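Trainee: Could we go through the terms used for this structure together, with the cut-offs behind them?

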Amino acid sequence: MDDIEVIFTGDDPGAQQMALNVLARCFSVWAERRRIFKRFPFRELSFIAKDGDKCCGHLGLIPMETYGNDGTLIRLAGVASVAVLPEYRSCGIAGKLCQAATCWAEENGFDALPLYTSLIRVYEKNGWQIFPVEMSALKAPDATSDTGNFWRTSDSLSEKEKSFIIHCYMNMPPLPGRIIRLTDDYAANSWHRLFNKDDCLIHLAESGYILALDGVIAEVCGKITAVPPGISKAFLSIHDPYYNVLQNAGWLPDLPPQQLPECWDGEVVMMKILSPGKIPSGIFFPLAHKF
């Protein structure tokens, strides 16, 4: 289909509504999101494939910044959503979308395009490679599901407590892969979206907090040495000081190195690197920012 045109539409509301309709036809989770939100639930920069006036494909990017191993900033254009209508598949449209996104990212100074996928061969054909991740899954020696008073749901937090959490995060030392989280209430990598996740639990301490998602410790901020009961799994960077705290408390590796836990939904991290000298060989991809 040589007459298929790929257009960069950014966050134009009309184009994103067309993209949302394509995603809803392809994925049940997006059909549910369309039903609930009536629009894109977070801001993406969209590329749409058009056959005349019909939108037949979509690729969405989420720009974000993270830290490298030496603390330098790395600009990422995360591939957050890709879909092609069933009747248009096997026509090279996904490849056209990937190429358009790559060209845009290069022209706008991004260093890499990460994504999470189980469709490894599809993206390998378009220049992505499986990326080694410097993180590890741990499990507690004695599993318990009773969170007691140690963990709080995000909707129970006061505005003052939320401000404290944000302050702690923004002032913690650089950690390879730590995303620069925004306060924008419509950004995918925002505090607003994180605080509104149903599976988000927070343990507040005097010096910081522990964040758990889907029953897994996903982020620790501050000099915390206690291990609150109620959560028995963790997925952290091997560079995270709390990783050693858990090991010293008897927590054991839950999976072989490089293997991702169930909360990753069977997907792997892939990366298309645009700045080879800037991207370290391994980096942490936090569960809190899996898009």
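**Cores, a helix and salt bridges**

Mentor: Gladly. The largest nonpolar core has 77 residues, of which Leu59, Leu61, Leu113 and Tyr209 touch the most other members. Strand β4 (residues 73-84) gives the largest share of this core, eight residues. This is a predicted model, where local features need pLDDT of at least 70 and side-chain atom pairs count only at pLDDT 80 or more, while totals for chains, interfaces and linings use all residues. Residues are numbered from 1 along each chain as its sequence is written, and side-chain values use heavy atoms, with hydrogens and water left out.

Trainee: What makes a set of residues a nonpolar core?

Mentor: The members are buried Ala, Val, Leu, Ile, Met, Phe, Trp, Tyr and Cys residues joined through side-chain atoms within 4.5 Å. Buried means under 20% relative accessible area, exposed over 50%, and partly exposed in between (1.4 Å probe, protein chains only). A second, separate core of 16 residues includes Ala234, Tyr243, Val245 and Trp251.

Trainee: Why are the buried residues of α5 said to line one face of the helix?

Mentor: Helices (H or I, at least four residues) and strands (E, at least two) are DSSP runs, numbered from the N terminus. In α5, Lys162, Ile165, Cys168 and Tyr169 are buried. Seen down the axis, the buried residues of α5 fall within an arc of 125°, so they line one face; the arc is that of the directions from the helix axis to the C-beta atoms. The face turned away from this buried side carries the exposed residues Glu159, Lys160, His167 and Asn171.

Trainee: Why is the Lys278 and Asp111 pair called a salt bridge?

Mentor: A salt bridge needs a side-chain nitrogen of Lys or Arg within 4 Å of a carboxyl oxygen of Asp or Glu. The closest N and O atoms of Lys278 and Asp111 are 3.3 Å apart, so the pair qualifies. Lys278 is in the segment after β14 (268-273) and Asp111 in the loop between α3 and β5 (112-117), 167 residues apart.

Trainee: How do you know whether Asp111 and Lys278 are buried or partly exposed?

Mentor: Asp111 has 5% relative accessibility, so Asp111 counts as buried. Lys278, at 36%, counts as partly exposed.

Trainee: What separates Arg35 and Glu32, which also meet in a salt bridge?

Mentor: Their side chains meet at 2.6 Å, N to O. Arg35 and Glu32 are three residues apart in helix α2 (residues 28-37), so about one helical turn separates them.
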